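Here is a quick walk through one model, a few residues at a time. Have the coordinates open and follow along.

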Amino acid sequence: AFKRIPGKVYHLYRRGDGRTYFSMLSPADWKEAPPDTFAGSYRLETDYSWTPAERLDAADDTGQVVQQLLHRMLLRQKRQR
């Protein structure tokens with residue numbers, strides 16, 4: 001058991017019985033011989049969602065979404081006055 005920290009990358013493994021678990025250890029840390037099947041790496045986001053490692057370089061639209069929400073809130077406030 002470890003404390004999950006947003007912004008860190010964790011590695012998903014699948015046991016023989018199909019159960020999955022996250023580890024801080026990558027396949028390279030196991031010298032390419034992890035005890036279970038490697039299923040992928042993921043970054044834990046601040047909202048506790050997971051982003052696959054292959055999408056880490058993709059553009060993040062979070063700032064754009066926040067700006068849209070703030071704009072809508074300001075418009076509502078102006079209408080209420």
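## The loop around L56

L56 sits in the loop that runs between strand 4 (50-52) and helix 1. Keep in mind that what you are looking at is a predicted model. With a relative accessibility of 26%, L56 counts as partly exposed, because that label covers the range between the under 20% of buried residues and the over 50% of exposed ones.

What does L56 touch, once its neighbours within four places in sequence are set aside? The list is V9, R43 and T51. Take R43 from that list: R43 and L56 are 13 residues apart along the chain, and their C-alpha atoms are separated by 7.9 Å.

## Strand 1 and its two partners

Now for the strands. Strand 1 covers residues 9-14 and pairs with strand 2, residues 20-23, in the antiparallel sense, over 4 bridges. Strand 1 also pairs with strand 3, residues 37-44; this pairing is antiparallel too and runs over 6 bridges.

Y13 stands opposite Y21 of strand 2, and H11 has S23 as its bridge partner in strand 2. Over in strand 3, the bridge partner of H11 is S41.

The hairpin made by strand 1 and strand 2 has 5 residues between the strands. One of the things to look at there is G18, which takes a positive phi near 95 degrees.

## H11, with strands on both sides

Is H11 buried or exposed? Its relative accessibility is 10%, so H11 counts as buried. H11 belongs to strand 1, and it has a bridge partner in strand 2, S23, as well as one in strand 3, S41.

Leaving out neighbours within four places in sequence, the contacts of H11 are Y21, F22, S23, M24, L25, S26, F38, G40 and S41. With S41 there is also a side-chain link: the two side chains make a polar contact at 2.6 Å.

## S41, seen from strand 3

Switch over to the other end of that contact. S41 has its place in strand 3 and, at 14% relative accessibility, counts as buried. The side chain of S41 makes its polar contact with the side chain of H11, at 2.6 Å.

Which residues does S41 contact beyond four places in sequence? They are V9, Y10, H11, T51, P52 and A53.

Not counting residues up to four places away in sequence, A39 touches L12, Y13 and R14. For H11 and A39, the C-alpha to C-alpha distance is 7.6 Å, with 28 residues of sequence between their positions.

Last stop: the surface. V66, L70 and M73 make a nonpolar surface patch of about 250 Å². L70 is found in helix 1, residues 62-80.

Conventions: Residues numbered from 1 in each chain as written. Predicted model: local features only at pLDDT ≥ 70, side-chain atom pairs only at ≥ 80, totals over all residues. Heavy atoms only, no water. Pairing = 2+ DSSP bridges. Helix = DSSP H or I, 4+ residues; strand = E, 2+ residues; numbered from the N terminus. Patch = residues over 30% accessible without salt bridge, like charges linked within 9 Å, V, L, I, M, F, W, Y side chains within 5 Å. Areas by Shrake-Rupley, 256 points an atom, 1.4 Å probe, with all protein chains shown as cover. Salt bridge = Lys/Arg side-chain N within 4 Å of Asp/Glu carboxyl O. Buried < 20%, exposed > 50% of the residue type's maximum accessible area, 1.4 Å probe, protein only. Polar contact = N/O pair within 3.5 Å; in protein donor to acceptor, adjacent residues only side chain to side chain. Contact = heavy atoms within 4.5 Å.
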